[in-house]
Amino acid sequence: MAEQFYTTRLQAGLGLREETKVLFELWQPGMKTQQLCDVALESGSFPNVTARRLRNIVAECFFPRYLKNEGVAQQVKMLLPQLSTQEMTQIFYLYTARANFILAEFVKNVYWQKYASGYPAIEVQDSKEFVELGLQDGKMKKPWSETTIKRVSSYILGCLVDYGFLEVENRTERPLTPPRLADNVAVYLAYELHFSGLGDNAVINHSDWQLFGLMPEDVRGELKALAVNRHWIIQAAGEVVQISWAYTNMEEVVDVIS
(Lines give C-alpha, C1' and ligand atoms only; values in the text may rest on other atoms or scores of the structure.)
Protein backbone atom coordinates (compact mmCIF):
# COMPACT_ATOMS: atom_id res chain seq x y z
CA MET A 1 0.00 0.00 0.00
CA ALA A 2 1.29 3.46 -0.88
CA GLU A 3 2.27 5.67 2.03
CA GLN A 4 -0.59 7.88 3.16
CA PHE A 5 -0.28 11.45 4.36
CA TYR A 6 -2.47 13.85 6.31
CA THR A 7 -4.07 16.50 4.08
CA THR A 8 -6.23 19.59 4.49
CA ARG A 9 -8.95 18.19 2.21
CA LEU A 10 -11.59 18.26 4.95
CA GLN A 11 -11.62 22.05 4.61
CA ALA A 12 -13.55 21.58 1.34
CA GLY A 13 -16.43 19.94 3.20
CA LEU A 14 -17.12 17.98 6.36
CA GLY A 15 -19.98 15.47 6.55
CA LEU A 16 -21.98 16.97 3.66
CA ARG A 17 -24.77 14.46 4.23
CA GLU A 18 -27.55 16.29 2.40
CA GLU A 19 -25.26 17.55 -0.36
CA THR A 20 -23.91 14.04 -0.95
CA LYS A 21 -27.41 12.58 -1.07
CA VAL A 22 -28.46 15.11 -3.72
CA LEU A 23 -25.28 14.55 -5.75
CA PHE A 24 -25.97 10.82 -5.82
CA GLU A 25 -29.48 11.51 -7.10
CA LEU A 26 -27.95 13.55 -9.94
CA TRP A 27 -24.95 11.33 -10.68
CA GLN A 28 -25.25 8.66 -13.38
CA PRO A 29 -22.79 5.84 -14.14
CA GLY A 30 -19.96 7.06 -16.34
CA MET A 31 -20.37 10.67 -15.26
CA LYS A 32 -17.07 12.36 -14.43
CA THR A 33 -16.35 15.22 -12.04
CA GLN A 34 -16.89 18.11 -14.46
CA GLN A 35 -20.06 16.57 -15.88
CA LEU A 36 -21.48 16.18 -12.38
CA CYS A 37 -20.57 19.81 -11.60
CA ASP A 38 -22.41 20.99 -14.69
CA VAL A 39 -25.50 18.87 -14.00
CA ALA A 40 -25.58 19.97 -10.35
CA LEU A 41 -25.34 23.64 -11.32
CA GLU A 42 -28.09 23.30 -13.90
CA SER A 43 -30.37 21.29 -11.60
CA GLY A 44 -31.11 24.15 -9.23
CA SER A 45 -30.64 21.74 -6.31
CA PHE A 46 -28.01 23.97 -4.70
CA PRO A 47 -29.57 27.46 -4.78
CA ASN A 48 -27.53 28.77 -1.86
CA VAL A 49 -24.16 27.38 -3.04
CA THR A 50 -21.89 29.35 -5.36
CA ALA A 51 -20.60 27.69 -8.53
CA ARG A 52 -17.06 27.76 -7.16
CA ARG A 53 -18.13 26.18 -3.87
CA LEU A 54 -20.10 23.48 -5.65
CA ARG A 55 -17.14 22.59 -7.86
CA ASN A 56 -15.02 22.37 -4.74
CA ILE A 57 -17.50 20.01 -3.08
CA VAL A 58 -17.60 17.74 -6.13
CA ALA A 59 -13.86 17.76 -6.87
CA GLU A 60 -12.47 17.71 -3.33
CA CYS A 61 -15.15 15.73 -1.50
CA PHE A 62 -17.45 13.68 -3.72
CA PHE A 63 -14.73 12.58 -6.15
CA PRO A 64 -12.16 11.23 -3.66
CA ARG A 65 -14.85 9.60 -1.54
CA TYR A 66 -16.93 7.91 -4.25
CA LEU A 67 -15.51 8.30 -7.76
CA LYS A 68 -11.81 7.65 -7.27
CA ASN A 69 -12.28 3.88 -7.01
CA GLU A 70 -14.25 2.25 -9.81
CA GLY A 71 -17.65 0.85 -8.95
CA VAL A 72 -18.05 2.53 -5.56
CA ALA A 73 -20.43 5.29 -6.66
CA GLN A 74 -22.66 2.89 -8.57
CA GLN A 75 -23.13 0.50 -5.65
CA VAL A 76 -23.64 3.32 -3.13
CA LYS A 77 -26.23 4.94 -5.45
CA MET A 78 -28.13 1.64 -5.61
CA LEU A 79 -27.88 1.23 -1.85
CA LEU A 80 -28.97 4.65 -0.60
CA PRO A 81 -32.73 4.39 -1.32
CA GLN A 82 -32.86 1.28 0.88
CA LEU A 83 -31.20 2.81 3.92
CA SER A 84 -32.44 4.63 6.99
CA THR A 85 -30.95 8.05 7.77
CA GLN A 86 -28.65 6.46 10.35
CA GLU A 87 -27.46 3.81 7.91
CA MET A 88 -26.89 6.37 5.16
CA THR A 89 -24.86 8.50 7.57
CA GLN A 90 -22.66 5.52 8.45
CA ILE A 91 -22.02 4.72 4.78
CA PHE A 92 -21.03 8.34 4.11
CA TYR A 93 -18.80 8.27 7.20
CA LEU A 94 -17.07 5.08 6.03
CA TYR A 95 -16.11 6.52 2.66
CA THR A 96 -15.18 9.90 4.11
CA ALA A 97 -12.80 8.25 6.57
CA ARG A 98 -11.28 6.12 3.81
CA ALA A 99 -10.64 9.23 1.72
CA ASN A 100 -9.27 11.28 4.62
CA PHE A 101 -6.45 9.44 6.37
CA ILE A 102 -6.23 12.07 9.08
CA LEU A 103 -9.87 11.51 10.07
CA ALA A 104 -9.48 7.72 10.11
CA GLU A 105 -6.36 7.93 12.26
CA PHE A 106 -7.99 10.29 14.72
CA VAL A 107 -11.03 8.06 15.13
CA LYS A 108 -8.96 4.92 15.65
CA ASN A 109 -6.23 6.36 17.85
CA VAL A 110 -8.00 9.10 19.81
CA TYR A 111 -11.79 8.85 19.62
CA TRP A 112 -12.24 5.17 20.45
CA GLN A 113 -9.33 5.19 22.88
CA LYS A 114 -11.03 8.00 24.81
CA TYR A 115 -14.30 6.08 24.78
CA ALA A 116 -12.65 2.84 25.94
CA SER A 117 -10.95 4.73 28.77
CA GLY A 118 -14.26 6.06 30.03
CA TYR A 119 -13.91 9.69 28.99
CA PRO A 120 -17.29 11.39 28.44
CA ALA A 121 -15.95 13.92 25.92
CA ILE A 122 -13.10 14.88 23.63
CA GLU A 123 -11.49 18.23 24.23
CA VAL A 124 -10.71 20.55 21.35
CA GLN A 125 -7.10 20.45 22.52
CA ASP A 126 -7.01 16.67 21.98
CA SER A 127 -7.58 17.16 18.27
CA LYS A 128 -4.96 19.89 18.02
CA GLU A 129 -2.38 17.76 19.84
CA PHE A 130 -3.15 14.85 17.51
CA VAL A 131 -2.44 16.99 14.43
CA GLU A 132 0.72 18.39 16.00
CA LEU A 133 1.93 14.85 16.73
CA GLY A 134 1.31 13.94 13.09
CA LEU A 135 3.48 16.84 12.04
CA GLN A 136 6.28 15.64 14.33
CA ASP A 137 5.95 12.12 12.91
CA GLY A 138 6.28 13.32 9.31
CA LYS A 139 2.72 12.52 8.27
CA MET A 140 2.36 15.72 6.23
CA LYS A 141 4.13 16.14 2.90
CA LYS A 142 5.23 19.61 3.99
CA PRO A 143 5.07 21.51 7.31
CA TRP A 144 1.77 23.07 8.34
CA SER A 145 1.46 26.49 9.90
CA GLU A 146 -0.07 26.94 13.34
CA THR A 147 -3.17 28.37 11.67
CA THR A 148 -3.55 25.31 9.43
CA ILE A 149 -3.09 22.96 12.39
CA LYS A 150 -5.82 24.76 14.30
CA ARG A 151 -8.22 24.77 11.34
CA VAL A 152 -7.74 21.12 10.43
CA SER A 153 -8.10 20.00 14.05
CA SER A 154 -11.47 21.78 14.13
CA TYR A 155 -12.50 20.16 10.82
CA ILE A 156 -11.89 16.70 12.28
CA LEU A 157 -14.21 17.37 15.19
CA GLY A 158 -16.77 19.08 12.97
CA CYS A 159 -16.88 16.07 10.67
CA LEU A 160 -17.51 13.74 13.61
CA VAL A 161 -20.31 16.02 14.79
CA ASP A 162 -21.88 15.78 11.32
CA TYR A 163 -21.75 11.98 11.46
CA GLY A 164 -23.19 11.69 14.95
CA PHE A 165 -20.04 10.71 16.84
CA LEU A 166 -19.83 13.94 18.83
CA GLU A 167 -22.11 16.67 20.10
CA VAL A 168 -21.35 20.36 20.50
CA GLU A 169 -21.64 21.43 24.14
CA ASN A 170 -19.19 24.29 24.50
CA ARG A 171 -16.07 25.74 22.90
CA THR A 172 -13.61 23.45 24.64
CA GLU A 173 -15.10 19.95 24.52
CA ARG A 174 -17.36 17.67 22.51
CA PRO A 175 -19.36 14.92 24.33
CA LEU A 176 -18.92 11.42 22.88
CA THR A 177 -22.04 9.93 21.26
CA PRO A 178 -20.68 6.75 19.67
CA PRO A 179 -23.19 5.12 17.30
CA ARG A 180 -23.54 1.36 17.07
CA LEU A 181 -22.67 -0.07 13.67
CA ALA A 182 -25.98 -0.77 11.92
CA ASP A 183 -26.60 -4.36 10.83
CA ASN A 184 -27.14 -3.45 7.18
CA VAL A 185 -23.91 -1.45 7.12
CA ALA A 186 -22.04 -4.36 8.71
CA VAL A 187 -23.34 -6.70 5.99
CA TYR A 188 -22.40 -4.21 3.29
CA LEU A 189 -18.90 -3.66 4.67
CA ALA A 190 -18.18 -7.35 5.16
CA TYR A 191 -19.20 -8.17 1.59
CA GLU A 192 -17.40 -5.19 0.12
CA LEU A 193 -14.18 -6.33 1.79
CA HIS A 194 -14.82 -9.91 0.66
CA PHE A 195 -15.37 -8.92 -2.96
CA SER A 196 -12.23 -6.79 -2.90
CA GLY A 197 -10.33 -10.08 -2.83
CA LEU A 198 -9.59 -10.44 0.87
CA GLY A 199 -9.56 -13.81 2.57
CA ASP A 200 -11.93 -14.51 5.44
CA ASN A 201 -9.44 -13.73 8.21
CA ALA A 202 -8.33 -10.57 6.42
CA VAL A 203 -11.96 -9.43 6.29
CA ILE A 204 -12.29 -9.96 10.04
CA ASN A 205 -9.02 -8.15 10.76
CA HIS A 206 -9.46 -5.22 8.36
CA SER A 207 -8.87 -1.80 9.86
CA ASP A 208 -12.17 -0.40 8.51
CA TRP A 209 -14.00 -2.07 11.39
CA GLN A 210 -11.95 0.05 13.79
CA LEU A 211 -13.72 3.11 12.39
CA PHE A 212 -16.76 1.82 14.28
CA GLY A 213 -14.78 0.84 17.37
CA LEU A 214 -14.68 -2.87 16.57
CA MET A 215 -11.65 -5.10 17.14
CA PRO A 216 -11.36 -8.51 15.41
CA GLU A 217 -13.02 -10.35 18.30
CA ASP A 218 -15.91 -7.86 18.13
CA VAL A 219 -16.21 -8.38 14.37
CA ARG A 220 -16.41 -12.15 14.81
CA GLY A 221 -19.23 -11.63 17.30
CA GLU A 222 -21.07 -9.29 14.92
CA LEU A 223 -20.78 -11.68 11.99
CA LYS A 224 -21.90 -14.64 14.08
CA ALA A 225 -24.99 -12.71 15.16
CA LEU A 226 -25.77 -11.72 11.58
CA ALA A 227 -25.38 -15.32 10.40
CA VAL A 228 -28.83 -15.94 11.87
CA ASN A 229 -30.19 -13.96 8.90
CA ARG A 230 -28.38 -16.34 6.52
CA HIS A 231 -26.06 -13.69 5.13
CA TRP A 232 -23.25 -16.25 5.58
CA ILE A 233 -22.18 -19.27 7.57
CA ILE A 234 -19.25 -18.56 9.86
CA GLN A 235 -17.05 -21.08 11.64
CA ALA A 236 -14.30 -20.06 14.03
CA ALA A 237 -11.59 -22.15 15.66
CA GLY A 238 -9.40 -19.94 17.79
CA GLU A 239 -8.11 -17.13 15.61
CA VAL A 240 -8.93 -18.92 12.36
CA VAL A 241 -12.23 -18.03 10.72
CA GLN A 242 -13.94 -19.66 7.74
CA ILE A 243 -16.93 -18.00 6.11
CA SER A 244 -19.27 -19.43 3.51
CA TRP A 245 -20.62 -16.37 1.72
CA ALA A 246 -24.26 -16.45 0.58
CA TYR A 247 -24.13 -13.79 -2.16
CA THR A 248 -22.07 -13.69 -5.33
CA ASN A 249 -21.89 -9.93 -6.02
CA MET A 250 -22.69 -6.54 -4.49
CA GLU A 251 -25.94 -6.25 -6.46
CA GLU A 252 -27.26 -9.25 -4.56
CA VAL A 253 -26.13 -7.70 -1.29
CA VAL A 254 -27.98 -4.46 -2.06
CA ASP A 255 -31.11 -6.45 -2.97
CA VAL A 256 -31.00 -8.31 0.33
CA ILE A 257 -30.49 -5.13 2.35
CA SER A 258 -33.56 -3.64 0.70
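Rings of Phe, Tyr and Trp (its six-membered ring) pair if their centres lie within 6.5 Å; planes under 30 degrees apart count as stacked, over 60 as edge-to-face and the rest as tilted. The model is predicted: local features need pLDDT of at least 70, side-chain atom pairs count only at pLDDT 80 or more, and totals for chains, interfaces and linings use all residues. Residues are numbered from 1 along each chain as its sequence is written, and side-chain values use heavy atoms, with hydrogens and water left out.

**Exercise 1. Aromatic pairs**

Task: Find how many aromatic pairs there are, and classify the pair Phe-24 and Tyr-66.

Solution. 
- Step 1. The ring rule gives 21 aromatic pairs.
- Step 2. The ring centres of Phe-24 and Tyr-66 are 4.9 Å apart and the planes stand at 70°, so this pair is edge-to-face.
- Step 3. Phe-24 is in helix α1 (residues 17-26) and Tyr-66 is in helix α3 (residues 51-67), 42 residues apart. Helices (H or I, at least four residues) and strands (E, at least two) are DSSP runs, numbered from the N terminus.
- Step 4. Check burial. Buried means under 20% relative accessible area, exposed over 50%, partly exposed in between (1.4 Å probe, protein chains only). Phe-24 has 2% and is buried. Tyr-66 has 1% and is buried too.

**Exercise 2. A second pair and a cluster**

Task: Classify the pair Tyr-93 and Tyr-163, then name the aromatic cluster that holds both.

Solution. 
- Step 1. The centres of the Tyr-93 and Tyr-163 rings lie 5.8 Å apart, with planes at 65°, so the pair is edge-to-face.
- Step 2. Tyr-93 belongs to helix α5 (residues 85-99), while Tyr-163 sits in the loop between α8 and β2 (173-175), 70 residues apart.
- Step 3. Both Tyr-93 and Tyr-163 are buried.
- Step 4. One aromatic cluster is formed by Tyr-93, Tyr-111, Trp-112, Tyr-115, Tyr-163, Phe-165 and Phe-212.

**Exercise 3. Two crossing helices**

Task: Describe how α6 and α8 are arranged, and which residues make the contact.

Solution. 
- Step 1. The axes of α6 (residues 101-116) and α8 (residues 146-162) come within 11 Å and cross at roughly 75°. Axes are lines fitted to C-alpha atoms, for helices over the stretch in contact, and angles run from 0 to 180 degrees between N-to-C directions.
- Step 2. Angles under 35 degrees count as roughly parallel, over 145 as roughly antiparallel, 65 to 115 as roughly perpendicular and the rest as oblique. Therefore α6 and α8 are roughly perpendicular.
- Step 3. From α6, Ile-102, Leu-103, Phe-106, Val-107 and Tyr-111 make the contact; from α8, Val-152, Ile-156, Leu-157, Cys-159 and Leu-160 do. Contact means heavy atoms within 4.5 Å.

**Exercise 4. One face of α11**

Task: Which residues of helix α11 are buried, and where do they lie around the axis?

Solution. 
- Step 1. In α11 (residues 216-226), Val-219, Arg-220, Glu-222, Leu-223 and Leu-226 are buried.
- Step 2. Down the axis of α11, the buried residues fall within an arc of 165°, so they line one face of the helix. The arc is that of the directions from the helix axis to the C-beta atoms.
- Step 3. The buried residues of α11 pack against α9 (183-195), α10 (200-204), β3 (232-237) and β4 (240-245).
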